[in-house]
Amino acid sequence: MLSQSVAGIVLESPLMLASGILDQNGYTMKRVLESGAAAVVTKSIGVEPREGYFPPIVSVFEGGLLNAVGLSNPGIIHIGTEISIAKEAGKPVIGSIFGATPDEFLRLGSAMEDMKVSGVELNLSCPHVKGVGAEVGSDPALVKQIVSTLKGSLSIPVFSKLSPNVSSVLEIATAASDSDGLVLINTVKGMAVDIYARRPVLSNMYGGLSGPAIKPVGIRYVYEVKKELDPVIIGVGGIETADDAIEYMMAGASAVQIGTALMKHGISVFSTIKKGVAEFLEKEGIKSVSEIVGVAVQ
Amino acid sequence: MIHSQILERIQETPSTVTLKFDWIEKVLPGQFIMIWVPGQGEIPMSMSFTGKPKGITVKAYGPPSRQLQQMGRGDTLYFRGPYGVPFTEIRGAKLIVGAGSGIASLLPLVDRNSTVMVSAKTESDLIYRGKINAKRIIYLTDDGTYGIKGFPDQVIKDVHPDDFEYIYVCGPEAMMYKVLLALKGRNDRAEFSLERSMKCGIGICDSCSIDGIQLCREGPVRGIGWLRESKEFGMTKLDRSGRRVRIEL
């Protein structure tokens, strides 16, 4: 009832762990998978190790979370150990990668393929590091070149995670349309100031906003891109409940990713949402979760 | 972000300072706060005083802790918390083993039923000397400049750990791992406060994870039974970039 195939990757349910949350240590990813996630996406991995920004890297508020972790990662040659541990859970692991050029993305994507990941997710959208992420992902010609380079060389599925912080998401989605799927959306650029210290909270000043506050933005882009281009979409942004996941799927997502909800609900959020989606389908007399994908698109 | 004015600054040792401040929140022994030094950074700090007033004991490691040490009465502390799972508190006989600044998070547990082992590199690093109100205090230094020369795992059997209802341990991981081995046969009623690189404090960044659990949320205090099964404790940890490195024993 809940199993779903996304670009050829078979998932036991449409619920995946989003990149950037609890996905650096192999034992953590393994635990997340054993606790009910159908797949995990690793922290974004680059060519060289990066420590990321010095804390504060997060600022919590009622509607969600602001973060600027700064793409901390051990570098591509050291992530293999963690991926091997995560794969002990026997479920798909998707490797997230970031780079500045098509060559860098290719090098990272090929290395991920050698590590036997089920797919790669291109981070074309991190809002808080210069020269990569959204800076690459807001240039349609560069996005097209990166996607076609990887599609021409890799045999595993290639997903492109896009930013809402561009003047036209549709234009970038069109440029990335050779991907096996689009991941919509990354965080929304934001900021917090402490009024007593009278200065920005995050050490990087600017960060990315996630959590319930951005769900309507995510739903809108999933819907719009599904309606105009009809690609395979993985929805992400503010999913905390089964209703949120179903809403994303009805707007056009074939699967969803969950991240910030783990702050409030812990790792058990996957089994809670899974149960809620199954109950909804049963109550509504729907046989397979794939039947609800895009039903709201008019 | 919570903010509170410093009431008192106490120079504990040449390199360690206690800062006391008012905070009405209930905080339990073993819990910690994320303390923000604007312009310098944010670091996790165990609460060394959980009554009224509250307090932290700061050793200078990096820019935020060095700046904290310069602060005094009337200066403002910015922090969030309290976070983490506290120690299990009991009334009975306690053996408390603290090495280096590890003794800070154990201090709120100490009572007249406690035997406390305080271990430091050298005499001038021994914090709270003469201030710990326990049944018995055993001092150790690595270089023998004060108390017994040696490490807690070498002498713990001399105090007959089986006689204690509960054992609490905090300090460098190598020391805690050796104490775990020295307590062979004991699989419950002993708790260790662990440390990993901590960045977010709210269970999402994965920096402080060990064996799949996040120390900021499901730690830092873990039981001896769990630690005996751990694949990472005393073996490997991730550095600030996420690269797996060996723990030197």
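**View 1. Salt bridges between chain B and chain A of this predicted model.** Chain B and chain A share two salt bridges, each a side-chain nitrogen of Lys or Arg within 4 Å of a carboxyl oxygen of Asp or Glu. Look for R31(A) paired with E218(B), where the closest N and O atoms lie 2.8 Å apart. Among the elements that give two or more residues to this side of chain B are β14 (213–214) and α5 (215–218); helices (H or I, at least four residues) and strands (E, at least two) are DSSP runs, numbered from the N terminus.

**View 2. The contact between chain B and chain A.** Here 35 residues of chain B meet 40 residues of chain A, contact being heavy atoms within 4.5 Å. About 3,100 Å² is buried between the two chains, 58% of it on carbon and sulfur atoms; this is accessible area (1.4 Å probe) lost on putting the two parts together, summed over both. I204(B), R240(B) and S241(B) supply 20% of the area that chain B buries against chain A, more than any other three residues.

**Notes.** Residues are numbered from 1 along each chain as its sequence is written, and chains are lettered from A and ligands numbered from 1 in the order written. In this predicted model, local features need pLDDT of at least 70, side-chain atom pairs count only at pLDDT 80 or more, and totals for chains, interfaces and linings use all residues, while side-chain values use heavy atoms, leaving out hydrogens and water.
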